[in-house]
Amino acid sequence: MFIESPNRAIKSYQAVGVESGIASADPHKLILMLFEGAQQALDCSKLYMQQNNIAAKGKMISKAIAIIDHGLKASLDQSSGGELAGRLSQLYDYMTTRLLKANLQNDVAIIEEISHLLGELHEAWMEIGKQPAAKTIAQAAIDVASDAGATV
């Protein structure tokens with residue numbers, strides 16, 4: 001009865017883990033989870049692209065685009081984020097456009113480019129979490145971007 005679908009059981013277990021993580025996460029951790037989810041989707045899309053599994057590749061690229069557009073970009077506070085929020089919004093638009101092109105052209109190099117950009121942002125966001133509690137997240141983001149010489 002349970003043995004016929006072990007993959008379904010594993011996926012259910014993973015879903016519970018993700019839902020539990022979301023329920024207990026602070027806003028900073030939620031953004032980290034979005035970066036990680038987008039990276040995982042891109043890693044899977046590269047694998048599927050190499051295996052010539054077009055449907056699965058498209059699904060994973062669409063998932064990455066949704067995370068970037070409806071998660072990361074949607075979480076930007078344009079009113080208090082100022083220039084940094086505007087630049088990040090433009091960068092997220094660039095990423096989604098490039099991912100659409102990667103999907104159409106089966107271009108692994110574009111997937112790697114976007115994965116690299118997301119990795120850089122993910123690292124910066126992790127550094128923000130290490131800042132003293134007295135600093136605001138926005139100020140910490142500006143500090144990290146300035147230290148890295150960001151030209152986003």
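Predicted model: local features only at pLDDT ≥ 70, side-chain atom pairs only at ≥ 80, totals over all residues.
View 1. Of the 152 residues in the chain, 31% are buried. Now take the contacts with a separation of 6 or more: residues 24 or more positions apart account for 57% of them.

**View 2. Helix α2 and what it packs against.** How far apart should the ends of α2 be? At 1.5 Å a residue, its 24 residues should span 34 Å, and the end C-alpha atoms are 35 Å apart, which agrees. Look for the buried residues here: His28, Ile31, Leu32, Phe35, Gly37, Ala38, Gln39, Ala41, Leu42, Ser45 and Met49. Which helices do these buried residues pack against? The partners are α3, α4 and α5. As for how such a list can come about in a helix, a handy rule is that an α-helix has 3.6 residues a turn, so residues three or four places apart point the same way.

**View 3. Zooming in on Leu34.** Leu34 sits in helix α2. Is Leu34 buried, exposed or partly exposed? With a relative accessible area of 24%, Leu34 counts as partly exposed, since the buried label is kept for values under 20%. If you skip the neighbours within four places in sequence, Leu34 is in contact with Ile67, Gly71 and Leu72. Ala64 is 30 residues away from Leu34 along the chain, and their C-alpha atoms are separated by 9.3 Å.

**View 4. The loop residue Asn52.** Find Asn52 in the loop between α2 (27-50) and α3. This residue follows α2 and has a positive phi, near 60 degrees. Asn52 is exposed, with a relative accessible area of 57%. Now find Asn106, which is 54 residues from Asn52 along the chain: the two C-alpha atoms are separated by 9.0 Å.

View 5. α3 has 20 residues and reaches 27 Å from its first C-alpha to its last, close to the 28 Å expected at 1.5 Å a residue.

**View 6. Helices α3 and α4, packed together.** Two packed helices are described by the angle between their axes and the distance between the axes. Here α3 (residues 54-73) and α4 (residues 78-105) pack at about 170 degrees, with axes 10 Å apart. Because angles over 145 degrees count as roughly antiparallel, α3 is roughly antiparallel to α4. On the α3 side, the contact includes Lys57, Ile61, Ile65 and Asp69; on the α4 side, look for Tyr92, Met95, Leu99 and Asn103, among others. Sort the contact of α3 with α4 by class and you get 10 nonpolar, four polar and four charged residues.

**View 7. Helix α5 and its cap.** Helix α5 (residues 108-129) has 22 residues, and from first C-alpha to last it reaches 31 Å, close to the 32 Å expected at 1.5 Å a residue. What caps its N-terminal end? Asp107 does, with a side-chain oxygen 2.9 Å from the backbone nitrogen of Ala109. Further along, pick out the buried residues, among them Ile114, Leu118, Leu121, His122 and Trp125.

Key
Residues numbered from 1 in each chain as written. Heavy atoms only, no water. Axes fitted to C-alpha atoms, helices over the stretch in contact; angles between N-to-C directions. Helix = DSSP H or I, 4+ residues; strand = E, 2+ residues; numbered from the N terminus. Parallel < 35°, antiparallel > 145°, perpendicular 65-115°, else oblique. Contact = heavy atoms within 4.5 Å. Nonpolar A, V, L, I, M, F, W, Y, C, P; charged D, E, K, R; others polar. Expected span 1.5 Å × (residues − 1). Buried < 20%, exposed > 50% of the residue type's maximum accessible area, 1.4 Å probe, protein only. Polar contact = N/O pair within 3.5 Å; in protein donor to acceptor, adjacent residues only side chain to side chain.
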